[in-house]
Structure formats: C-alpha cells, structure tokens
Amino acid sequence: MLATSLRCLAMASSAPTVARLPAIWRSSWRPVCNEAASPSPVASALANIRAKVKEASQAAGSQTEPRLVAVSKTKSVELLREAYDAGIRDFGENYVQEVVSKAPDMPSDVAWRFIGNLQSNKAKTLVQGVPSLACVETVSSKKLANKLDAAVATLNPPRHQPLDVMLQVDTSPWEGTKSGLPVDEASAVALHVRDTCPNLRLVGLMTIGAPGETSCFDTLADCRRTVAESLGLESEDALELSMGMSGDFEAAIGKGSTSVRVGSSIFGARG
Ligand SMILES: *Cc1c(COP(=O)(O)O)cnc(C)c1O
C-alpha cells in the first residue's frame, strides 16, 4: 500500500512534464492510480519466481517448498518494500554497512539473512546493528564462529534464541576464489559450533558453486551427509541446504535445496 501510494504521488508530481508532450497525448493525460490492476515489476517478478519454485519443488517430490530468500544487496529500500508488500520476509544481504543501514528502514518482522563474506572484526557490528538478524549463512572458520558467538553473548537486551548459522562450503575449489570451507573441514567446524558456541545454532550448509556446474549441489548434499553423521544426527534433513541463485535455483531445488537465494530475477540486474 505504501509503495503504491508513493508511486501514485510520483506520478502526480510528474504532471508538469505533460506540457511537453505532443497535444494528442496531452489531451488524454490524467493522473490515474490504477495500481491495484498493475502490480509493481518486483511483485510480478516475484509471482513468476514463486511459480517456478513451486513447480521445481513439486517435480523434485519435496514435502516442503524451499524458502525463497530475496537477495536485495545494492537495491533501494523502496524496492525492498515492494517485495515486502508482496509478502517477502526473508531478505539476503552481502555487506555489513548496507544491511545495518537498511534494517531500521524496514519493518521489524523482516528476517535478515547475511550471505556475504564476513570479516571476523565486523561480526559485532552486524549482530548489534541488525536486531532481526535471522541467519548468518557464511560461517567459514572457527574464528568467525567464535566472534559471532561472543557478539550474541554481549547483546543487551539478549536474543530470545541462539543465532542461526550455516557453514559456507567451497564446492568449486578449482575456481580458486576461496570463499567457504573446504569440504573436508566442514565437520570439524560444525562440531566446534555445537560444542563451544552456545549462542549459535548450526542449521545448515550453504554454497555458491561454479556457474553452470550443478555437480556443486551434489557436493554440498554429500557434505551434509558427512556433517550430519559427524554430529550424530538421526537424519541429514535436520540440516538445511542453501543453494541456488537466479541462474540455477530450479536445478538446485532438483538437488534438494531447502533455501534459494534469488536477487537479479526479482529486483533486476545490479548496476
Ligand atoms: C548476489 C548473491 C545471490 C543472488 O544472485 P542473483 O544471481 O542475483 O540471483 C545469491 N547468493 C549470494 C551468496 C550472492 O552473493
């Protein structure tokens, strides 16, 4: 509603430019607000993505549909509001300063998910600056886990629940971009989080993967099996798989993704 009325205002305020239009258009110009009939570009894109998520999930025979995280890095709060008005609550952000500055301008029931590279020395800024931080998906070292754990411990007022975290796993080491844990180190960090970080709760594994290489999704699924065994979990399903972006979310859902991170297909290309 707010976004709608803002757009109507914007249309109304552009009225003076009508004088520059050719007469034939000018005669029929009027500031109509039929927004109910035409959803915002973000809302239409979302409807499209949701339908594809549903279809891929049904095709995969999943019991539950994956979470759709709207990746809103570099996008304005106005655009985030459009997604919010269309029902999105899970937003993914990559930069600490950006999410810390956007969070106060969005409703408090937004579940922020941090999906960018996080330096240990920014953990406290993130945890303190984003009260409704729901998950940090990019834990890739014991050091970062310790810093996040300590940051949650110092929160005042305290969080009602531990902070959810995922381990980011590097499933395409041949690319040499070095974001994420090597597959064979994931179990050790998972045990470290469980045994020494009481303010964190390990909820899953996340990967980016190489573009077009859906085998990376298999690698993450295999890694989950190993980690679940190391933790002595009854079922690997106790851990989520965060994988799939605009270009490959349907393939990722086919490989068992429980959380897809979609940015440009919702908000448009990033500049
Ligand atoms: C930017 C980003 C996304 C979204 O990518 P799109 O291709 O725009 O959908 C997903 N995951 C991570 C980790 C990202 O940095």
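I take a polar contact to be a pair of N or O atoms within 3.5 Å; within protein, one must be able to donate a hydrogen and the other to accept it, and residues adjacent in sequence count only if both atoms are side-chain atoms. The model is predicted, so I read local features only at pLDDT of at least 70 and side-chain atom pairs only at pLDDT 80 or more, while totals for chains, interfaces and linings use all residues. Residues are numbered from 1 along each chain as its sequence is written, and side-chain values use heavy atoms, with hydrogens and water left out.

Entry 1: A polar backbone atom of Gly 263 lies 2.8 Å from a ligand oxygen atom. An oxygen atom of the ligand is also 2.8 Å from a polar side-chain atom of Arg 270. For Arg 261, I noted an N or O atom of the side chain at 2.9 Å from a ligand nitrogen atom. The ligand taken alone exposes 390 Å², of which the protein buries 90% (Shrake-Rupley method, 1.4 Å probe).

**Entry 2: ligand shell.** The shell holds 13 residues, with Lys 73, Asn 94, Ser 246, Gly 263 and Ser 264 the closest. I sorted them into six nonpolar, four polar and three charged (Ala, Val, Leu, Ile, Met, Phe, Trp, Tyr, Cys and Pro as nonpolar; Asp, Glu, Lys and Arg as charged; the others, Gly among them, as polar).

**Entry 3: pockets.** A pocket is, on a 1 Å grid over the protein atoms alone, an open set of points where a 1.4 Å probe fits, with protein on both sides within 12 Å along at least five of seven lines; lining residues have an atom within 4 Å of a point. The ligand takes up the space of the largest pocket (more than half of its atoms lie within 2 Å of the grid points). I recorded a volume of about 430 Å³ for the largest pocket. Its lining has 24 residues, and Lys 73, Asn 94, Ile 208, Met 245 and Arg 261 are the closest to its centre. The second largest pocket has a volume of about 330 Å³.

**Entry 4: backbone.** I found a cis peptide bond from Asn 156 to Pro 157. Thr 74 is not a glycine, yet has a positive phi of about 70 degrees.

Note on methods: Near = heavy atom within 4 Å. Points joined across faces, edges and corners; volume = space filled by probe spheres on them.
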